[in-house]
Amino acid sequence: MNAHVRRTFYVFVAGFVTLVGMLAYWQVYARESLANNPQNGLQTQRSIQTPRGLILAGDDETVLAKSVGRKTGSDTVYDRVYPQGEAFSNVVGYWSTKYGAAGIEIGQNSDLSGTAEPATLDGLINQMSGGPQPGNNVVLTLDPELQRVAYEGLASSVTGRGAVVAVDPNNGEILAMASSPSYDPNTVDETFPELSSDPDAPLIDRATQSLYPPGSTFKVVTTAAALEAGLSPSQIFNDDGTYELPGYTVVNYKGKKYGRVTFTQALVFSINAIFAKIGVEEVGAQGLARMAYDFGFGDSYEGFSLPVTPSNLGPPPSEWTPGTLAQNSFGQGPASSNAFEMALVTAAIANDGEMMEPRIVREIRSPDGIILDRPSPSVRHEPLDASTARELNGMMQRVVTEGGLTTAEIPGIKVAGKTGTAETAEAPHSWWITFAPADDPQIAVCAMVENGGEGDDAALPIADQVMEAYLKGRGR
Amino acid sequence: MIIALLITSLGFATLIFAQEVTSPPLVYGAYYAGTLFVLYLGVRLLLPHSDVLLLPIVTLLTGIGLVMIFRLTYDVEDAENLATTQAIWILVGSGAMFFIVVFFRNYHRLFDYKYLLALGAVALIASTFTPFGYEVNGARLWVALGPVNFQPSEFARIALVIFFAGYLAEKRDVLTATSRTFLGIQIPALKYFGPVALVWAASLGLLVFEKDLGSSLLFFAVPLLMLYAATGRIAYVLLGTVLFSAGSLVTYLLFGHVQLRVQSWLDPWEDPDGAGFQILQSIFNIADGGLTGTGLGAGFSQTIPEVETDFIFSAIASELGLLGATAVLLAFLAFVYRGVKISLLAEDESSKLLAFGLTAMFALQTLIIVGGVTKAIPLTGITLPFVSYGGSSVVGNFILTALLLVISERAGRREVEETLYEGGA
């Protein structure tokens, strides 16, 4: 009888071994796939039970996003609160257990959620013991006052649709990045379906994600290419209002004729026919494309914390007809861009031709204040040599002083800029790129108002307010 | 013993730390430790030759169970605090154990009443069909007697094991030495086999109608294993397996709830929010634990319906991980090992069979429920011995352990006497 009992025991042992094997299968082998299964709500539940890090503005005080605890029974769940509301939502984004996340909330999620590699001993101990890990704090480069001014300017513009990007040309820090219309990130859980079907697309960050014809602001790129090709700002051109190409004739905006003008004046008066001629005869397709690429066209800015849709020039330059080249030369061709890219172009011109790496995250700090990451300014690219950049800088100053753009003038400060009036099927998009002080640039701004009319109508006043607010804030 | 109590205290300490609860648990903990320690000392004193490991294992398992139940129900939304109740049941169980140890040291007396016990067992199971019985979750397992609610099948099965042990030991020879064959299988005389089959069929039939699948499986398998152990006839096992398959097929076809169980085992994804919900939540939580677990109190096993009873093992696997869960399984295996050893050392056949039957029941119950919650086999609602919340189950298992202890006392004393005798000679 003992033999039978023993045999049965072996069967039981085999059973237990099988169970351990089964457990190992679930807990080791199938673990990942189960954790990511859409039916599995545990990860979401865990994430709402851990406070996410703060998102702070560049002044280190203004809280843009925080987690507020709420007791439910013995558990504390955290709601995400955005005290500054819609002015910042294109950058900060939202964080919803229902609809996912956007902006910095997702771009810096591994820091904010505390799932990044532990950076401090406390973090390591917490992770090892499986204890809760509060997220790290993310400090942005945004100047909260500037962001407000930019957003309110856009919201109260003719169409209320547009984008503003302000950059510190010396270090690449994004000082303001506004997009309108916007949304209240505090209520995304309820309003998301409505927002995502809104024809005005408030969830899209117009500064980085949309593309528009850049209009005459693109002439600074053509000018840069022409200066590099050896053209002098004082070169004389004779304008009869048109520029004829086989099969295509360029006509000036509103059919104006300017007669004898210098290259600088061609930029000041934004003469399309002359820019078409320069593009075709002096720069060439490859030259123009190379300059645009050097300025960041075609680049998705991989390291940037927010997704950027690359600006583009349409078909590759080898396929351009002379007509395509002519149109791209004054910004009315297939080329398309956005406020983010054009602000960086402007900043590069302002910074003596050096384009700094754009940054919107200044610092990552652990919950107890230890600095975990602080990217230092770095040169991304050098599209222009310093002397060309200064020549272009000078030409852009004369756009303000000789172009009758009195709104853009700031007493005691030299301002440089270029308007853009990008023609569309409807009212033209209004563009303005600018930087100041021109002799020691501190801020570069690009403003764009969709269907806002001429460049100096809608975009210029907004950029001007942003710039004045910034320079005043710096005690100038 | 000390180690078992230390582990339990550590568990409570972790929980108090993790959930920042103001601590009635300290009081429970002290009281629980006191109870089991006194019980341990009492048993050592009364049964000095009994198995030394069984009670510490029981202490460890009930301790882990108490910690988990506390963690899952204390101060948790929508959950009643069940830890206190469980602690009371452990006290009652300890009392029952003490009672048996004191009054049934000569457990052979039980075999004299085996027919009565069998009848009692069947009556107990049948009692759920009386007006006292009531249904929970579609299964009619409960009886309410005044303020006390209990699951009669938890006790009936111990009585049945005693009956089978007594009867099989008595008739073992005639059952083995049979000459009649049918289709190449030796068939024992109906005269001898009859009572076994009758009791077996009666209890099984009743349970099937109560829709208590887990217990049915136990009631079916345990006597079969005992029959095998008693006679050594693999034919019984084969016959049983055939019967089991046929029976399973019939129940599958007859009962919708059985079909549902099997379907949600084969493909829980088909209805992840309905029939498959419980098993999927269990799997998600087990997977969430990984190798080392989420840590006590940091898991989400409250999402599993019935987590504090049938699914408590999922919670353990989730919060203690593969390592912790394997350790708990090893504790169960150690209990089974000690039980088998007691059976091997027992002096007479009825004792051997009794010890074996009880151990087999304990082992199968563990395998069935852990297999169920890990989706190794279809889920059948049954408790994890000592760990799950449930008064009847806890008390029943204490009685089971008490019986094993008194059997081991006999064997142990005999061994000591033999050694003495040899030493003297």
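Five strands of chain A form an open sheet in the order β8-β7-β19-β18-β17, with antiparallel pairing; strands pair if DSSP finds at least two bridges between them. Helices (H or I, at least four residues) and strands (E, at least two) are DSSP runs, numbered from the N terminus. This is a predicted model, in which local features need pLDDT of at least 70 and side-chain atom pairs count only at pLDDT 80 or more, while totals for chains, interfaces and linings use all residues. Residues are numbered from 1 along each chain as its sequence is written, and chains are lettered from A and ligands numbered from 1 in the order in which they are written.

**The sheet in chain A**
- β8 (174-180) and β17 (416-422) of chain A stand at the edges with a single partner strand each, so one side of each has no neighbour in the sheet.
- Direction ignored, neighbouring strands of this sheet are turned by 5° against each other on average.
- Strand β7 (residues 162-167) of chain A runs antiparallel to β8(A), and six bridges join the two.
- Opposite A:G162 you will find A:S180 in β8(A).

**Helix α16 of chain A**
- The 15 residues of helix α16 (residues 459-473) of chain A should span 21 Å at 1.5 Å a residue, which agrees with the 21 Å between its end C-alpha atoms; the expected span is 1.5 Å times one less than the number of residues.
- Among the buried residues of α16(A) are A:L460, A:I462, A:D464, A:M467 and A:Y470. A residue is buried if 20 or more other C-beta atoms lie within 10 Å of its own, exposed if 12 or fewer, and partly exposed in between, with C-beta atoms placed from the backbone.
- The buried residues of α16(A) pack against α8 (144-155), β7, β8, β17, β18 (429-436) and β19 (443-449) of chain A.

**The two chains**
- Chain A has 16 helices and 19 strands, and buried residues make up 50% of its 476 residues.
- Chain B has 15 helices and five strands, with 53% of its 425 residues buried.

**Where the chains meet**
- In all, 46 residues of chain B are in contact with 33 residues of chain A; contact means that the C-beta atoms of two residues, placed from the backbone, lie within 7 Å.
- On the side of chain B that touches chain A, α9 (213-231), α12 (277-289), α13 and α14 (349-373) each supply at least two residues.
- The largest share of that side, eleven residues, comes from α13(B).
- That side of chain B divides into 28 nonpolar, 13 polar and five charged residues. Ala, Val, Leu, Ile, Met, Phe, Trp, Tyr, Cys and Pro count as nonpolar, Asp, Glu, Lys and Arg as charged, and the others, Gly among them, as polar.

**A helix pair across the chains**
- The axes of helix α1 (residues 2-29) of chain A and helix α13 (residues 312-345) of chain B come within 10 Å and cross at roughly 180°.
- That makes α1(A) roughly antiparallel to α13(B), a label for angles over 145 degrees, where under 35 is roughly parallel, 65 to 115 roughly perpendicular and the rest oblique. Axes are lines fitted to C-alpha atoms, for helices over the stretch in contact, and angles run from 0 to 180 degrees between N-to-C directions.
- Residues making this contact include A:F9, A:F12 and A:F16 of α1(A) and B:L322, B:L329 and B:L333 of α13(B).
- The residues of this contact divide into 18 nonpolar, five polar and no charged.

**A residue to look up: B:K352**
- B:K352 lies in helix α14 of chain B and counts as buried because it has 25 C-beta neighbours inside 10 Å.
- Leaving aside neighbours within four places in sequence, B:K352 is in contact with A:M1, B:S343 and B:A346.
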